[in-house]
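Here is a briefing on one structure. Keep the sequence and the 3D view side by side while reading.

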Amino acid sequence: MSEAMAFRFAPMQERELGWVAEQDRQLYPFPWSAGNFEDSLRAGHSAWTMFDGCEPVGYGVLMMVLDEAHLLNISVVASRQRGGLGRHLLDHLTGVARQAGATQFFLEVRPSNTAALALYARAGFALIGRRKGYYPAVEGREDALVMRAEL
Ligand SMILES: CC(C)(COP(=O)(O)OP(=O)(O)OC[C@H]1O[C@@H](n2cnc3c(N)ncnc32)[C@H](O)[C@@H]1OP(=O)(O)O)[C@@H](O)C(=O)NCCC(=O)NCCS
């Protein structure tokens, strides 16, 4: 993918939530429902849809707590993964967090999610902890790795 390729980011709209939840179902074993995304919008989280031209290709959700940003969701549609879009989306969310005054950026990730782990490590996130049994898993529970980047 060319670095010159232009993507557009727009605040996530309620009318997009059917599409967003459908992507989430395809991308995660334990997806958010449209209602979960709606709650997130209502809670005032910073939620973004990423477009390539008119085509939605990804989305992400941030929660701000004082000077901390927390990444709640980052997703690239299955057909467009491994093309650099995740990196662009994470850059956008990092810029939004910085502009909102965040000095630290936190996230949780499953140890089994090698794609996300590689993306975060490449973006400068460092492992700072582990939450035991944080996520539901097909068999039992899975830990969460906690990562942080200074902004
Ligand atoms: C994680 C996710 C957002 C990455 O998006 P993407 O557009 O595929 O990522 P990029 O193409 O920008 O890749 C950025 C870097 O991440 C790493 N990476 C991405 N996918 C990878 C994979 N499948 N295996 C190994 N490394 C991978 C690479 O280091 C890559 O850099 P490189 O291509 O220069 O080597 C995407 O895989 C996704 O939506 N997954 C499902 C949802 C999810 O798990 N979200 C994270 C929840 S914590």
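The points below cover the sheet, its pairings, the core, the ligand shell and the backbone exceptions.

This is a predicted model, in which local features need pLDDT of at least 70, side-chain atom pairs count only at pLDDT 80 or more, and totals for chains, interfaces and linings use all residues. Residues are numbered from 1 along each chain as its sequence is written. Helices (H or I, at least four residues) and strands (E, at least two) are DSSP runs, numbered from the N terminus. An open sheet of seven strands is present, with mixed pairing. The largest nonpolar core has 29 residues, and 19 residues surround the ligand.

**Sheet layout**

- The strand order is E1-E2-E3-E4-E5-E7-E6.
- Strand E1 (8-11) and strand E6 (126-136) are the edge strands; each has a single partner, so one side of each has no neighbour in the sheet.
- Neighbouring strands are turned by 30° against each other on average, direction ignored. Axes here are lines fitted to C-alpha atoms, for helices over the stretch in contact, and angles run from 0 to 180 degrees between N-to-C directions.
- Strands of a sheet pair through backbone hydrogen bonds, either parallel or antiparallel.

**Strand pairings**

- Two strands count as paired if DSSP finds at least two bridges between them.
- E1 and E2 are antiparallel, with four bridges. Here proline 11 stands opposite tryptophan 48 in E2.
- Tryptophan 48 also has a bridge partner in E3, namely glycine 60.
- E2 and E3 are antiparallel over seven bridges. Threonine 49 stands opposite tyrosine 59 in E3.
- E3 and E4 run antiparallel and are joined by eight bridges. Glycine 60 faces isoleucine 74 in E4.
- E4 and E5 pair in the parallel sense, over four bridges. Histidine 70 has phenylalanine 106 in E5 as its bridge partner.

**Nonpolar core**

- A nonpolar core is a set of buried Ala, Val, Leu, Ile, Met, Phe, Trp, Tyr and Cys residues joined through C-beta atoms within 7 Å.
- A residue is buried if 20 or more other C-beta atoms lie within 10 Å of its own, exposed if 12 or fewer, and partly exposed in between; C-beta atoms are placed from the backbone.
- Within the largest core, Leu89 and Leu93 touch the most other members.
- Elements that each supply at least two core residues include helix H1 (17-27), strand E3 (55-65), helix H3 (85-99) and strand E7 (141-150).
- H3 gives the largest share of this core, five residues.
- Leucine 89 touches Met50, Gly58, Gly60, Ile74 and Val76, leaving aside residues up to four places away in sequence. Contact means C-beta atoms, placed from the backbone, within 7 Å.

**Ligand shell**

- A residue is near a molecule if its C-beta atom, placed from the backbone, lies within 6 Å of it.
- Of the residues around the ligand, Gln81, Gly86, Ala115, Ala118 and Leu119 come nearest.
- E4, H3 and H4 are the elements that give two or more residues to this shell.
- H4 gives the most, with six residues.
- By class, the shell has nine nonpolar, seven polar and three charged residues. Ala, Val, Leu, Ile, Met, Phe, Trp, Tyr, Cys and Pro count as nonpolar, Asp, Glu, Lys and Arg as charged, and the others, Gly among them, as polar.

**Alanine 116**

- Alanine 116 sits in helix H4. Alanine 116 counts as buried because 20 C-beta neighbours lie inside 10 Å.
- Alanine 116 and isoleucine 74 are 42 residues apart in sequence and 9.0 Å apart in space, C-alpha to C-alpha.

**Turns and positive phi**

- The hairpin of E2 and E3 has two residues between the strands, and glycine 53 there takes a positive phi near 65°.
- E3 and E4 also form a hairpin with two residues between them.
- Leucine 66 lies in the loop between E3 and E4. Leucine 66 has a positive phi of about 50° although it is not a glycine.
- Leucine 66 counts as exposed because 9 other C-beta atoms lie within 10 Å.
- Arginine 82 lies in the loop between E4 and H3. Arginine 82, again not a glycine, has a positive phi of about 65°.
- Arginine 82 is exposed, with 9 other C-beta atoms within 10 Å.

Note on methods. Contact = placed C-beta atoms within 7 Å.
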